[in-house]
Amino acid sequence: SESIKTTPVAREMMEKEGFSVDDIIKGLKKIRASDVNKVMQLSPAPGLSAPREASREEERKKVSQLRKKISERLVAVKNETAMLTTFNEADMSAIMAIRKKHQERFVETHGIKLGFMSFFTKAVCEALRLFPSVNSYLDGDEVVSPAYCDIAIAVQTDKGLMVPVIRNAETLGLAEIEIKISDLAGRARKARLGIEEMSGGTFTISNGGIYGSMLSTPILNPPQSGILGMHNIIERPVAIKGKVEIRPM
């Protein structure tokens with residue numbers, strides 16, 4: 001500030017340490033070297049982390065019944081199932097081209113954007129039709145194989161992960177799936193889902209890509225036998241017919 005005088009020594013020290021006059025104690029008519037030294041002891045130069053005071057405090061919050069039940073189920077799944085994770089990659093070029101070509105007309109027609117989850121859901125339904133054992137579960141000495149696909153979609157909320165179910169997803173088109181996902185996810189984030197809307201799924205899809213994760217090993221949602229974990233779509237070089245191309249993988 002032009003209204004505050006600074007001694008040459010103080011000015012040189014500020015320039016060396018990266019301070020401005022505003023960083024120095026305000027309200028003085030004159031800044032001395034001793035004043036700058038005081039500020040340097042209280043606050044680091046710009047770009048450096050501020051000093052932290054050591055704390056031994058603890059915060060305790062009561063675990064909600066929902067979180068407690070979920071944690072009990074997750075531990076039980078780890079102990080009672082023999083889980084196997086396999087990783088595959090997919091070239092998303094075709095899906096991206098379809099979305100780019102039809103997005104505007106899709107929104108005009110259905111009032112909702114064409115996302116990736118509807119494609120993932122349709123792909124899962126087709127795969128479960130071809131391999132019904134993945135859409136099955138054990139009930140005592142019997143293997144139960146539903147003829148329908150009730151796809152559970154993992155949704156992150158303030159209260160933790162919720163998994164609402166899209167009933168008979170195999171009968172729905174892309175627009176219907178997008179509308180269902182939007183409705184269920186919106187109500188999940190507002191804690192307006194009933195127990196019946198989060199139970200009875202035959203297969204789960206979890207999209208960790210929204211958090212930037214490259215790979216993960218999602219936990220089964222019992223009594224389901226399978227869960228699909230989608231991940232980050234990254235452009236990288238791949239070999240296509242003997243040539244290196246950049247593809248969204």
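**Close-up views of a predicted model**

View 1. The structure shown here, as in every view below, is a predicted model. Gln224 belongs to the loop that connects strand 9 (203–207) with strand 10 (227–230). Its side chain forms a polar contact of 2.7 Å with the side chain of Thr204. Leaving aside residues up to four places away in sequence, Gln224 touches Ala152, Gly201, Thr202, Phe203 and Thr204.

View 2. Between strand 9 and strand 10 the pairing is parallel and extends over four bridges. Within this region, Asn207 stands opposite Met230 of strand 10. The loop between strand 9 and strand 10 is the one that holds Gln224.

**View 3. The aromatic pair Phe116 and Phe120.** How many aromatic pairs does the model contain? The count comes to one. It is formed by Phe116 and Phe120, whose ring centres are 6.2 Å apart; their planes meet at 15°, so the pair is stacked. Phe120 is buried, at a relative accessible area of 10%. Phe116 is partly exposed, with a value of 21%.

**View 4. The hairpin of strand 11 and strand 12.** Strand 11 and strand 12 run antiparallel and are joined by six bridges. One of the positions in this pairing is Val238, whose bridge partner in strand 12 is Glu245. Two residues lie between the strands of the hairpin, and Lys241 takes a positive phi near 50°.

**View 5. The salt bridge between Arg236 and Glu89.** Eight salt bridges are counted in the model. In one of them the side chains of Arg236 and Glu89 meet at 2.2 Å, N to O. Arg236 lies in strand 11 (residues 235–240), whereas Glu89 lies in the loop between helix 3 (65–80) and helix 4 (93–110), so the pair ties together parts that are 147 residues apart in sequence.

**View 6. The salt bridge between Asp91 and Arg247.** The side chains of Asp91 and Arg247 meet in a salt bridge at 2.5 Å, N to O. Asp91 is placed in the loop between helix 3 and helix 4, and Arg247 in strand 12 (residues 243–248), so parts of the chain 156 residues apart in sequence are tied together by the pair. The relative accessible area of Asp91 is 30%, which means that Asp91 is partly exposed.

View 7. The side chains of Glu197 and Arg187 form a salt bridge of 2.8 Å, N to O. Glu197 lies in the loop between helix 6 (174–189) and strand 9, while Arg187 lies in helix 6; the partners are 10 residues apart. Glu197 counts as buried at 19% relative accessibility, and Arg187 is partly exposed at 23%. Elsewhere, salt bridges with shared partners join Asp91, Glu245 and Arg247 into one network. Glu245 is also the bridge partner of Val238 in strand 12.

**View 8. Arg11 in helix 1.** Arg11 lies in helix 1 (residues 8–17). With a relative accessible area of 36%, Arg11 is partly exposed. Arg11 and Val36 are 25 residues apart along the chain, and their C-alpha atoms are separated by 9.1 Å.

Key
Residues numbered from 1 in each chain as written. Predicted model: local features only at pLDDT ≥ 70, side-chain atom pairs only at ≥ 80, totals over all residues. Heavy atoms only, no water. Polar contact = N/O pair within 3.5 Å; in protein donor to acceptor, adjacent residues only side chain to side chain. Contact = heavy atoms within 4.5 Å. Salt bridge = Lys/Arg side-chain N within 4 Å of Asp/Glu carboxyl O. Buried < 20%, exposed > 50% of the residue type's maximum accessible area, 1.4 Å probe, protein only. Pairing = 2+ DSSP bridges. Phe/Tyr/Trp six-rings, centres within 6.5 Å; stacked < 30°, edge-to-face > 60°.
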